[in-house]
Amino acid sequence: MAFNRFLWQLLLLVVLFGGQLGITSSQVQNQTGFNLVGLSLNLTFVKMAARNAECDLVMNRTPAERCTFVKNTPDCDMEDGFINYLNVVFCLLPPNLTPFTITLCCMWLFFLFMILGLTASKFFCPNLSAISSSLHLTHNVAGVTFLALGNGAPDIFSAMAAFSHPHTAGLAVGALFGAGVFVTTVVAGSVSLFKPFAVASRPFLRDVIFYMVAVFWTFLMLYRGTTTLGETLGYLSLYVLYVLTVIISTYIYKRQRNYVNTSNQNAPHIQEFPSSDSSDDDLPNLTGGNIQQDYESEYRPLLPYSEPTSRILLSSLNPVDSRKWRRKSWRWRVLKVLKTPLEVLLLLCVPVVDPDKEDKNWRRPLNCLHLVIAPVVCVLAFQSGKYGNYMIQEQFPLWVLILLLGFFLAAIVFCTTTNDHPPKYHAVFALLGFVVSAVLISAAASEVVSLLHMLGVVLSLSNTVLGLTLLAWGNSIGDCFSDITIAQQGYPRMAISACFGGIIFNMVIGVGLGCLVQMVKTNSDVQFESEGLLTWILAGSLGLSLVLSFIIVPLSQFHLGRTYGIFLLAFYVIFLIIALFTEFGTIHT
């Protein structure tokens, strides 16, 4: 653990400072105005006072006292995450570099969001899709379970990391409620602006009703300030009820449709368009599986050709498609250059099974390498490296045992398989990729929460504001662009279904699992520390937006036009202004 934390701190220091790591005692004395005797007395006083203080009070201290205050305040302990960002800001760096440090920490935050997005979209979601295909799940069941988990993985793991400490629980509340307001107003409003359409009536009402119940239940837990194990299990069962409702409604709709088709089988064929009550199974498949297969068959060699193992390995680690590179804009190329090193590292660590490809993305040398690297990465990254230095009977490192087992399995797989055909147990690699990507997402989410907590302390911002702005925007901006793109392609119903269906999963599972994990750790009920008026404004705004949509959309005969989109965008702007005015004390009780 200590070694892993040291490596992360060393890496961040090299990136941030480029060698300017030191500050002399005379510089400290000139900046603070204390002599050595006075400084020693003040630091002793800080050690005594910090034991019962909150970490937010560190900015009330002088620059020379802050490091001692952070080290001796239990509230400043960063249990989760590889890097103790408070120590980096207040102890490892001189005070005059604090603004520069904050700027670079924001850049590091952007990089962490990139890790979350890449891991979820390129590795977590495809493996979930492969698992659901192996289990032969229908589109509806896969959509409200595995696909919802894939799309909401950053939000869920961020919430679980935030709930690990009462003082950072506000991050989870702010992020989940803030993302809910953002998605139901900005994303839904943008879809309505770009592509006015008639929404599916029954699925829309179903999703809004379940989401309102989830928001109200969460509000009650926050109002009471605590939740028990029974309440948490009941809260989680709400999503089970939602999944059952989706399955039953889909079954009823299909029976009705089959009955109508049987009655009209002698009628002349007329092209049917999805009705306002249509099921998600009727929507076209946008995964691009057929397009991918046609694209690969076009470039398939005419004569049989066996590619060398070394070339397969090198091509598998190349995330850049030369043909796609030539067709894309310069902005896409710049972003691709920034993401390529990270993608290569993830390709080395996480196996991906793609059911849309003919060979299921079987890469024999790389998949054998995954059996060696992936389990070790899980051990080193799980719970922020807690088991990195774990010794079996205090003699043998755990990660060495995992490494040896990986070499043994890799040798067996390499000797019993070929480069051309995937083995029958190839689906097991999808499960391995799911586990590794989940561990990496959890580790990155813990870093995001720790970093946002540090920014809140330094900038004197509440965790709720950081959650409803930076964390919510970072986790939801990808959904915003993807839903707008789907709407522009002619499928606005799918986009609006994703808006409301995904956030139900994020809130119920994020809050429910976060509370459940914390109860297992502490063997006690979970306590919530409310941020006061801001929390109630956040919950009230989300509830009001849902109630207004529940009233306005049926009155407009379920037609979402540009007027409705402008209304939703204006609602979010007003909500954000009120939240910020409340944070800075302009609006108060």
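Is Asp-359 buried, partly exposed or exposed? Asp-359 is partly exposed, at 24% relative accessibility, where buried means under 20% relative accessible area, exposed over 50% and partly exposed in between (1.4 Å probe, protein chains only).

1. Before you start. This is a predicted model, in which local features need pLDDT of at least 70 and side-chain atom pairs count only at pLDDT 80 or more, while totals for chains, interfaces and linings use all residues. Residues are numbered from 1 along each chain as its sequence is written, and side-chain values use heavy atoms, with hydrogens and water left out.

2. Salt bridges. The structure holds four salt bridges, a salt bridge being a side-chain nitrogen of Lys or Arg within 4 Å of a carboxyl oxygen of Asp or Glu. In general, side chains of opposite charge can pair when their charged atoms come close. Asp-359, from the opening question, takes part in one of them: its side chain meets that of Arg-363 at 2.7 Å, N to O. Arg-363 is partly exposed too, at 23% relative accessibility.

3. Two further bridges. Glu-231 and Arg-224 meet through their side chains at 3.0 Å, N to O. Glu-231 has a relative accessible area of 25% and is partly exposed; Arg-224 is also partly exposed, at 46%. Arg-206 and Asp-207 form another salt bridge, with their closest N and O atoms 3.2 Å apart. Here both partners are covered: Arg-206 is buried at 16%, and Asp-207 is buried at 5%.

4. Aromatic pairs. A search of the whole structure finds 13 aromatic pairs. Rings of Phe, Tyr and Trp (its six-membered ring) pair if their centres lie within 6.5 Å; planes under 30 degrees apart count as stacked, over 60 as edge-to-face and the rest as tilted. One example is Phe-567 with Phe-571, a tilted pair at 6.5 Å centre to centre with 50° between the planes. These two residues are separated by about one helical turn because they stand four residues apart in helix H21 (residues 562–583). Helices (H or I, at least four residues) and strands (E, at least two) are DSSP runs, numbered from the N terminus. Phe-567 is partly exposed at 32%, whereas Phe-571 is buried at 13%.

5. Rings in a group, and a charge over a ring. Phe-210, Tyr-239, Tyr-242 and Phe-505 are linked into a cluster by ring pairs. Elsewhere on your tour, look for Arg-364: its charged end sits over the ring of Phe-414, 3.8 Å from the ring centre. A charge sits over a ring if NZ of Lys or CZ of Arg is within 6 Å of the ring centre and within 35 degrees of the ring normal.

6. Helix H10. The expected span of a helix is 1.5 Å times one less than its number of residues. Among the buried residues of H10 are Tyr-239 and Tyr-242, both of which belong to the ring cluster above.

7. Helix H17. With 32 residues (427–458), H17 reaches 47 Å from its first C-alpha to its last, close to the 46 Å expected. H17 is mostly covered, with 26 of its 32 residues buried. Ser-460 follows H17 and has a positive phi, near 55°.

8. Most residues other than glycine have a negative phi, and most peptide bonds are trans. Asn-523 has a positive phi near 55° and lies in the loop between helix H19 (492–522) and strand E5 (526–527). Phe-558 has a positive phi of about 60° and lies in the loop between H20 and strand E6 (559–560). Where Asn-523 is exposed at 70%, Phe-558 is buried at 17%.

9. A nonpolar surface patch. Ile-209, Val-213, Val-547, Phe-550, Ile-551 and Leu-555 make a nonpolar surface patch of about 510 Å². Helix H9 (201–224) and helix H20 (533–555) are the elements that give two or more residues to the patch, and H20 supplies the largest share, four residues. Phe-550 lies in H20 and is partly exposed at 31%. Patches are made of residues with over 30% relative accessible area and no salt bridge; like charges are joined within 9 Å, and nonpolar side chains (Val, Leu, Ile, Met, Phe, Trp, Tyr) within 5 Å. Accessible areas come from the Shrake-Rupley method with a 1.4 Å probe, and for residues only the protein chains shown count as cover.
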